[in-house]
Amino acid sequence: MANRPAPGQPPHRPATLKTVADRTGVSSMTVSNVINGTGKVGAETRARVKEAIRATGYVPNLQARRLAGAAGTRIALIHSGDRSPFLTDSLLAVLASTHMAGAQLIVCEGTSATLEDAEQLVMDAVKAGAEGLILIPPYAERLSNSDTFMRLRMPAIALAGAQALPGMQTVRIDNRLAADQLASHLIDSGHQRIAFLAGPMEHGDSRERLAGFEDAMARAGLPIAPELVRYGRFSFQSGCDIGEDLLGASSAPSAVLASNDDMALGVLWVAHRAGLRIPQDLSLAAFDDTAAARRAWPPLTVANQPMAAMAATATQALLDCLTGDAGLPQGEQVLPHHVIIRRSSESVTAPCN
């Protein structure tokens, strides 16, 4: 997307740092500090500079950075500061894939999931010399609605997202199908009162997994009690909190399907503390297949996200764009998953493509 000329600027000449500085009546250094999140800049000045950046269409000169940067392609991984087994697996998988490709990995950690935070993380990555981005949810969803990000025309991959997003490529599994398969397994095992733990609704995969659960229940002709659909934060603690409430109710579920391993492990912890037997008193299933899910007792039934393959696919798509003639990565690549039945739901292993 071409930059819009500022008032008084000749047509088709891209806005510069000085353009923004002149428009707001501050120094170029102040503008740079706002972009990079450095220095001491008052809130009112920061707001004026950001408005001028939006109005002029100014973006950093990425091509110049590539020519002047150190050897090696630099890829930035942007993620939230929430610690989880899934994040650990993602970081290790991306680190391994970029290392194998000879690329440098820059890790940018956020503190919130706001659009402003997402845009600042991108600018931090650019400042560090990043030429392409790998985004962990929910930052991909945030940036897909960002004019600032779109103007950068920076190659980006949404890793483990839920659907195609404008301005980037999504590498994912079929979350809806996987949730349907997990719920169907629990139904086929004789469960009718099944609780579903959704993740945050700002995550597209949370919505898709809930839809898959609803598909399976509807196909089996089973009603979904409203009190059995709960919304967590993809965290162990939220799984504990929901588990305490669900399992302490007078009419508790006989099975729980959680949208990620961490929440399922929270429910498992509560169940053990309450003296429940798994799977005789309560069956559990989840998403991701992290090491924690495999080492729990009993180990969890899961739909796995093949993080090594997903990270390698994402890295290659960025390198094809940055080192070849490929355009910006677009659309989506859907990788096969497997439903792995373990002791937490007492059945046999069954791969599902």
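The model is predicted: local features need pLDDT of at least 70, side-chain atom pairs count only at pLDDT 80 or more, and totals for chains, interfaces and linings use all residues. Residues are numbered from 1 along each chain as its sequence is written, and side-chain values use heavy atoms, leaving out hydrogens and water.

Colour by pLDDT, the predictor's confidence in each residue, from 0 to 100. The protein averages 88, and 89% of the residues score at least 70. Select residues 1–6: pLDDT stays under 50 there. Now select 348–353, where pLDDT also stays under 50. The model has 17 contacts (heavy atoms within 4.5 Å) beyond four places in sequence for residues 1–6, and 16 for 348–353.

Next, select Ile134, Leu159, Phe213, Leu257 and Met310. These have the most contacts inside the largest nonpolar core, which has 43 residues. Such a core is a set of buried Ala, Val, Leu, Ile, Met, Phe, Trp, Tyr and Cys residues joined through side-chain atoms within 4.5 Å. Buried means under 20% relative accessible area (1.4 Å probe, protein chains only). Helix H14 (residues 307–323) gives the largest share of this core, seven residues. Another core, of 27 residues, lies apart from it and includes Leu197 and Met263.

Zoom in on Ile134. Beyond four places in sequence, its contacts include Ile75, Val94, Leu159 and Leu318.

Finish on H14. Among its buried residues are Met307, Met310, Ala314 and Leu318. What do the buried residues of H14 pack against? Show strands E1 (74–80), E3 (132–135), E4 (156–159), E5 (169–172) and E11 (332–334), plus helix H5 (85–101).

Definitions and conventions. Buried means under 20% relative accessible area, exposed over 50%, partly exposed in between (1.4 Å probe, protein chains only). Helices (H or I, at least four residues) and strands (E, at least two) are DSSP runs, numbered from the N terminus.
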